[in-house]
Amino acid sequence: MKIMVYEARPDERADLEKQAALHGVELSVTDAVPTLENASLAAGCIGVSILGQGCIDAALLDAYHALGIRYLSTRTIGYDHIDLDHARSIGLRVCSASYAPNGVADFTVMMILMCLRHYKQALWRGQVNDFSLTGLQGREMKDLTIGIIGTGRIGAQVVRNLSGFGCRILAYDLRRNPAVEPQVTYVDFDTLLAQSDVITLHMPLLDSNRHIINRESVAKMRDGVVIVNCSRGELADIEALIEGIETGKIGALGMDTVEGDEGIIHADHRVDILPNRNWFYLHQFRNVIMTQHMAFYTDAAVSSMVDCGIGGICQMAAGESCPTELTGPVQ
């Protein structure tokens, strides 16, 4: 059995080799992002494994299906880059990845602390030997209310991480998580917006929550609110974020992912001219920390993502249960 692996990073190579040996499969590996133009690389394969930079739309899925591809894995937790409805309609089975929530949860708390303590401005000053304190006075977590939007695996781990800081924790989710109820107060969405000093997002991207952070929701927040997003960029309207920063309504942003970062993150663009004005305009503010979608990026998570990427295809092909499958077999 042969699997085509797109978007392979150097840090994945050793784990890919291990998985190939473990499952007895042949891997064809490229660092190219999947497109219609390079779909033919998957000829002779039964499955394709990808990351998240490509748009896996109906046309590309049809091309893969015509080549004999019947299984697709994304080595990411998010899957909004894949047209799952079309995949299901043509009988192409899809699975995502899974990894422990600790890395993203730890990164989230780090982002909160860096925003509260003006880390970006302090770093910039230190690099030019300016060690003054003016404008760097921070706030202590014990005095604040932290709002968690989404209390699934990662949101719940963020709650556990924050519980030692002595802060008040509010939570909003369509479904309450009994595991965190002793540590949080569940409230409605507007109450969380109105009472939180810090708001952090932990949801998959769905049509129902796209731009859940928008002009209207920002207007309901406390003045000087800190917003952290280590989830999916399009949960927040970038125009609303810019306006919030410009007016001072938003006190700081900690963004590991921002709307429009496709084609920017995970690549070196030092000699490139990039047209995404909003992304770069937001990036330059002294109170905006933007990282390259790296909250997930730990040794344990990378191994788990590769394991799911190759193992998931092998499980589906063998008729076994795949815990991260997103589309089932055609009935």
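These legends describe close-up views of a predicted model.

View 1. Strand E6 covers residues 145-149, and five of its five residues are buried, so the strand is largely enclosed by the rest of the structure. In a regular strand, side chains alternate between the two faces of the sheet. On one side of E6 lie Thr145, Gly147 and Ile149, on the other Ile146 and Ile148, and all of these residues are buried. Both faces of the strand are therefore covered.

**View 2. The strands that pair with E6.** Strand E7 (residues 168-172) pairs with E6 in the parallel sense, over five bridges. In this pairing, isoleucine 149 stands opposite tyrosine 172 of E7. Strand E9 (residues 198-201) also pairs with E6 in the parallel sense, over four bridges. Here isoleucine 149 stands opposite leucine 201 of E9.

**View 3. Helix H6 between E6 and E7.** Together with E6 and E7, helix H6 (residues 153-162) makes a β-α-β unit that is right-handed. Buried residues of H6 are Gly155, Ala156, Gln157, Val158, Val159 and Leu162. The buried residues of this helix pack against E6 and E7, and also against H4.

**View 4. The largest nonpolar core.** In soluble globular proteins, nonpolar side chains tend to be buried together. The largest nonpolar core here has 37 residues, and the members that touch the most others are Ile146 and Leu162. At least two residues of this core come from each of helix H4 (102-116), E6, H6, E7, strand E10 (225-229) and helix H11 (299-317). The greatest contribution, nine residues, is that of H4. Leaving aside residues up to four places away in sequence, leucine 162 touches Val109, Ile112, Met141, Ile146, Ile148, Cys167 and Ile169.

**View 5. Strands E1 and E2 with helix H1.** E1 pairs with strand E2 (residues 26-29) in the parallel sense, over four bridges. Methionine 4 stands opposite serine 28 of E2. With H1, the two strands make a right-handed β-α-β unit.

**View 6. The aromatic pair of tyrosine 6 and tyrosine 64.** A pair of aromatic rings is described by the distance of the centres and the angle of the planes. A search of the whole structure finds five aromatic pairs. In one of them, tyrosine 6 and tyrosine 64 are 6.2 Å apart centre to centre, with 50° between the planes, and the pair is tilted. Tyrosine 6 lies in the loop between strand E1 (2-5) and helix H1 (13-23), while tyrosine 64 belongs to helix H2 (residues 58-66). The two are 58 residues apart, and the pair links distant parts of the chain. Tyrosine 6 has a relative accessible area of 0% and is buried. Tyrosine 64, at 1% relative accessibility, also counts as buried.

**View 7. The aromatic pair of phenylalanine 296 and tyrosine 297.** This pair is tilted, with 5.6 Å centre to centre and 55° between the planes. Is phenylalanine 296 buried or exposed? Phenylalanine 296 has a relative accessible area of 11%, so the residue is buried. Tyrosine 297 has a relative accessible area of 40% and is therefore partly exposed.

How values were computed:
Residues are numbered from 1 along each chain as its sequence is written. This is a predicted model: local features need pLDDT of at least 70, side-chain atom pairs count only at pLDDT 80 or more; totals for chains, interfaces and linings use all residues. Side-chain values use heavy atoms; hydrogens and water are left out. Buried means under 20% relative accessible area, exposed over 50%, partly exposed in between (1.4 Å probe, protein chains only). Two strands pair if DSSP finds at least two bridges between them. A crossover is right-handed if, with the strands pointing away from the viewer, the path from the first strand over the helix to the second runs clockwise. Rings of Phe, Tyr and Trp (its six-membered ring) pair if their centres lie within 6.5 Å; planes under 30 degrees apart count as stacked, over 60 as edge-to-face and the rest as tilted. A nonpolar core is a set of buried Ala, Val, Leu, Ile, Met, Phe, Trp, Tyr and Cys residues joined through side-chain atoms within 4.5 Å. Contact means heavy atoms within 4.5 Å.
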